Amino acid sequence: MLYNEPSPLEVKILTKRFTLPNSQSLDTYLANDGFKAFFKAIEMSPEQIIEELKISALRGRGGAGFPTGLKWSFVPRNSPKPKYVIVNADESEPGTCKDRLLMENDPHQLIEGILIGGRLVDAHKGFIYIRGEFRYLITMMDRAIEEAYKRGYLGKNIQGTGFDFDLYTHTGAGAYECGEETALLDSIEGKRGVPRMKPPFPAVVGAWQSPTLLSNVETFSAVPFIIRDGGAAFAALGTPKNGGTRMICLSGHINKPGVYELPVGFNLLRMIYEVGGGMRNGKKLKAVVPGGSSCPLLKAEECDIPMDFDTLAKIKSMLGSGGTVVLDEDTCMVKFAHRIMKFYAHESCGWCIPCREGTTWLRKMLERFHGGGGQTGDRELIGELSKNMLGRTFCALGDAAAMPTISIVEKWPEDFEAHLNGRACPYEHASEMAMQR
Amino acid sequence: MSDVINLTIDGRAVTAAPGTLIINAAKQVGIEIPSFCYYDGLALQAACRMCLVEVDKTPKLQVACTLPIAEGMVVHTDSPLVREARKGMVEFLLTNHPLDCPVCDKGGECELQDMTFRYGAGESRFQEQKVHVEEQQWSPVVFFDAPRCILCYRCVRICDEGMGMNALGVINRGVHAEIAPNRFDHLECDECGMCIDICPVGALTSGMYRYKTRPWEMHHVGTICTHCSNGCKTTLGVRNNQIIRGNNRDHSGINGEFLCIKGRYAFDFVHSPERLQSPMVRKNGKLEPVSWSEALSTVARKFKEVKARGGKFGVIGSNHASNEENYYLQKFAREGLGTHNIDHHRTGDLPTLLDALSGKTEALATTADLYTRKAILVVASDLSQQHSFLAFQIRANYRHHGAHIYTVTPGPVREQHHAVNSIIAQPGGELAAVESLRDQLKAEAELVILFGDAIKGDAVRKLVAFGDSLGIPVRYVCLLDYSNSRGASDMGLAPNLGPGYQPVADAGLAYDEILAAKDLDVLWVVGANPLKRAAFGSEQAFVVVQEMFLTETAQRADVIFPAASAYEKNGTVTNVCGEVQRLKAGLQVMGTKSDLEIMGLLSKEMGVNIGMWSHEKIFEEIRGKVRGYNVPLSIVATGGAVQTTAVNGRVAGSVRPELIQSAGDTLFTSGSLGRYSKTLSSVVEAPGALYSDRRP
């Protein structure tokens with residue numbers, strides 16, 4: 001099911017079957033290039049597969065943007081231990097809602113990607129780790145897996161190729177932290193979901209101490225196209241070193257929010273004004289969260305940029321997981337910072353001190369500040385505490401909480417000033433007005 | 001890869017082995033890198049982030065407790081950036097910490113306090129409300145105050161990795177994350193208190209110690225635990241002649257920081273209201289308190305009278321008394337009373353083992369061997385119940401060195417969890433089961449065999465023959481019950497063996513014979529309770545008992561001398577592995593005297609000269625006369641442990657295996673002493689049936 005009208009500017013690679021009737025069925029998939037890539041991969045050597053992936057310039061879609069070909073090449077294919085393929089479907093970055101669509105509308109594309117991954121590293125078992133809140137998706141995915149088993153696309157001797165593969169869904173209990181790949185591994189092993197020490201990296205010592213191929217849903221879903229049509233075809237869609245398309249989850253104060261598949265490197269302003277139908281109620285653009293709530297926010301004047309990993313890194317933000325949130329001039333940035341921090345304080349696993357204590361401290365400060373209890377120096381303290389967390393926590397969750405906060409503190413000091421001396425939030429009125437309209 | 005790595009820490013050249021963590025490399029040259037969660041011997045966590053250091057050519061601060069050193073690495077542990085990071089961490093830690101230092105047990109020896117003084121800011125910038133959780137009691141001995149907890153996970157790890165118990169875990173997340181016990185609101189575990197001891201702050205507190213004192217108000221006396229035979233060092237915190245706590249935070253002694261419930265808490269029998277504090281003499285059939293001089297003269301008169309008419313004495317010595325006392329007792333009996341009718345409750349067949357090992361050197365294992373040798377075989381003993389320190393050593397050996405462990409036991413034991421092979425063998429079937437391990441054991445590089453009381457007499461010889469036939473170096477431990485069972489045996493509390501297992505020309509009556517003899521004139525019991533299990537044959541015998549409590553034996557006494565406990569006297573004891581260690585008096589209990597002093601006064605009263613009753617003098621004599629005990633005085637005197645050299649010669653005389661029987665104490669019992677420990681009784685009553693289904 002689609003939740004928004006497609007945009008003519010979209011380049012449909014991963015989503016090309018979304019609009020077909022019964023897009024989630026194996027028949028539809030098979031009738032539309034399904035499993036061609038898998039058969040091709042069976043004929044290819046692992047080195048060739050890696051080579052295609054490297055040429056494709058596919059970068060991890062979970063948020064970090066690590067080159068997938070490189071990551072997958074780290075898995076020791078000849079290890080005597082069992083190897084596992086794990087799909088990170090713990091999609092929980094605020095602002096991100098793409099993996100669910102890929103699983104809802106084209107689950108077999110994901111399964112094919114998994115099979116290619118399994119073929120690559122000589123793994124015969126895979127798990128799709130689905131976020132706990134996605135109950136319905138577990139059912140849908142299970143149905144697709146069952147269908148694939150019945151038709152011989154999973155199980156023993158898949159389609160006579162001699163390749164065996166078993167696939168399972170596994171669910172978390174609803175912890176953001178379990179989206180961190182090593183916490184996910186602990187969770188899948190039945191432990192408390194806290195991150196592991198790295199190194200060793202999951203590629204070498206992952207699930208059950210064994211080599212593990214672990215990537216995001218969108219990453220796996222892109223693999224069949226790359227193998228079928230070649231890495232070069234995929235790479236050509238994006239900008240150098242940033243191959244292919246991305247599922248951009250456009251939300252916030254725009255007229256046509258939705259998930260759009262756009263080439264990597266698509267201009268952000270065009271995304272807002274052309275794909276997203278422009279600002280709601282003709283308001284002015286104030287800020288953009290480029291790729292999920294962990295990313296440092298962009299001011300309106302910073303937005304005329306191509307959306308690729310390297311450009312965003314250059315302006316000290318991140319492309320992240322593709323959750324682009326657009327904020328208009330009526331947005332209180334203090335309130336926004338508080339809302340994000342509330343999320344991170346709630347989701348901090350509690351493992352390390354700076355994240356556990358820092359997020360809650362910041363949440364409480366921002367709450368007090370937004371409520372009119374702000375004091376001179378609080379803004380600086382918020383920034384300083386965030387910097388005390390930044391780069392010093394065990395996993396990236398602490399950074400994820402600190403980075404947007406630092407950017408808000410530094411880029412919108414006037415919003416903090418406006419709350420000082422017991423003044424009520426100057427935006428409260430405006431946002432109420434907006435809701436009434 | 002080269003053997004050493006050169007790096008620079010704070011401008012100093014450091015050389016260390018590959019794989020060394022930065023935190024330890026720095027420690028080598030005396031540079032402290034602060035940490036809470038890093039703990040020697042436990043799994044790495046990198047959770048507290050206190051040990052962040054600057055490493056040249058890396059963009060972010062690095063975690064010194066998990067990062068191994070590399071050639072040419074340049075580390076800064078005290079740069080402005082590092083100082084600021086530490087300050088920030090302490091500040092974060094203190095946000096939800098209650099700062100109730102003035103009433104906290106840990107105040108004064110708290111690592112968080114120390115770190116805050118050293119690295120923290122003077123003032124708090126935290127103005128928000130702290131998270132508060134009510135204090136919880138998890139067991140009679142373990143309390144938990146969650147707000148004080150800094151979540152370093154030391155308790156979780158020591159319980160899981162160290163004790164093999166896994167009774168602690170973490171619940172909730174974020175700032176509400178908390179340590180939690182294994183049975184919802186209470187603990188079912190060994191109640192060892194390791195978690196309390198290892199806690200860097202006052203989050204886990206001890207039921208015995210909490211709110212009683214400040215650490216600096218006690219004096220700390222390092223002595224040897226008087227319960228089981230493992231010989232753990234326990235440091236008693238004593239204030240006003242009262243023991244307030246036991247722990248071993250200074251990691252001294254053979255046991256490092258390890259203590260089980262007995263060493264940590266079961267000192268409380270010392271202050272039991274049932275403690276005897278005055279000599280008693282039976283008058284008109286009733287025991288009545290009398291003066292020391294009256295009691296001594298009554299006994300001396302009787303002893304002289306019986307000795308003069310050639311009457312029959314029976315002497316039963318102690319498994320708890322010091323080496324000096326046991327030596328003095330047998331000397332008193334043999335030279336002062338002219339009898340070899342002396343024995344003690346034998347809990348393992350040590351004499352046969354020594355005999356079987358005759359001619360071999362280095363055949364007796366030390367407690368350290370259990371941690372270092374590559375393979376361990378446990379026969380007929382539930383170590384984690386009866387010898388918890390030995391079990392701890394073996395477990396640590398498995399974790400740190402991957403030692404191969406084999407068990408042959410009558411029921412399930414904890415060692416099975418990491419055993420290569422475990423066999424359940426019914427009594428009598430142990431040797432056959434051991435035999436079935438032959439091929440596996442033969443492939444080992446070396447082996448330590450520990451065996452319980454079921455292996456005695458011929459079975460010991462067969463076991464040693466089996467060990468010999470493996471063709472690998474094998475060391476043995478004959479498991480014994482109590483703190484000085486080994487010393488009692490070595491000092492010659494036996495009718496046929498004198499000190500150092502020297503044969504006695506005309507052997508006297510053994511334990512059972514003394515108790516059964518209908519014509520016994522005097523029964524003298526020093527620190528033992530034989531009448532708990534055995535009937536007493538002689539109706540007319542005059543019974544003299546030196547005891548702390550009115551035990552079954554003391555109730556039958558004609559004269560009772562109130563004795564001091566091991567915590568109230570000086571001397572030495574020898575543990576199950578033959579390691580001699582020093583007892584140090586921590587306090588005095590009014591009205592009591594040490595067994596040595598009682599015997600000395602008695603010899604004086606009788607007018608027999610068996611030497612001065614000072615423990616130093618007697619230990620000198622022991623070093624000279626008891627084979628194997630010529631141990632370096634400097635080590636023992638300074639609180640160290642030295643293994644006695646084995647007799648290494650034939651041990652003459654029959655052993656009578658039927659006399660050998662362990663009392664079968666568990667973690668929560670300790671013979672007569674245990675009955676008077678409130679703590680031990682309280683945990684037995686704690687909810688849950690953990691041990692009922694685990695005991696073999």
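**Two chains, one chat**

Author: In chain A, 71% of the contacts with a separation of 6 or more are between residues 24 or more positions apart. Two residues are in contact if their C-beta atoms, placed from the backbone, lie within 7 Å.

Reader: What kind of model is this, and how is it numbered?

Author: This is a predicted model: local features need pLDDT of at least 70, side-chain atom pairs count only at pLDDT 80 or more, and totals for chains, interfaces and linings use all residues. Residues are numbered from 1 along each chain as its sequence is written, while chains are lettered from A and ligands numbered from 1 in the order in which they are written.

Reader: How many helices and strands in chain A?

Author: Chain A has 18 helices and nine strands. Helices (H or I, at least four residues) and strands (E, at least two) are DSSP runs, numbered from the N terminus. The radius of gyration of chain A is 22 Å, close to the 22 Å from the globule rule for 437 residues, so chain A is as compact as a globular protein of that length. That radius is taken over C-alpha atoms, and the rule is 2.2 Å times the number of residues to the power 0.38.

Reader: What share of chain A is buried?

Author: Buried residues are 58% of its 437 residues. Buried takes 20 or more other C-beta atoms within 10 Å of the residue's own, exposed 12 or fewer, and partly exposed is in between; C-beta atoms are placed from the backbone.

Reader: Now chain B. How many helices and strands?

Author: Chain B comes to 23 helices and 28 strands. Its radius of gyration is 27 Å, close to the 26 Å the globule rule gives for 696 residues, so chain B is as compact as a globular protein of that length. Of those 696 residues, 56% are buried.

Reader: Which residues of H3(B) are buried?

Author: In helix H3 (residues 111-119) of chain B, they are Leu112(B), Met115(B) and Thr116(B). Down the axis of H3(B), they fall within an arc of 100 degrees, so they line one face of the helix. The arc is that of the directions from the helix axis to the C-beta atoms.

Reader: What do they pack against?

Author: Helix H2 (80-95) of chain B. On the other side of H3(B), Phe117(B) and Arg118(B) are exposed.

Reader: Switching topic. Is Pro140(B) buried or exposed?

Author: Pro140(B) is buried, because 22 other C-beta atoms lie within 10 Å. Pro140(B) sits in the loop between strand E6 (136-137) and strand E7 (142-144) of chain B.
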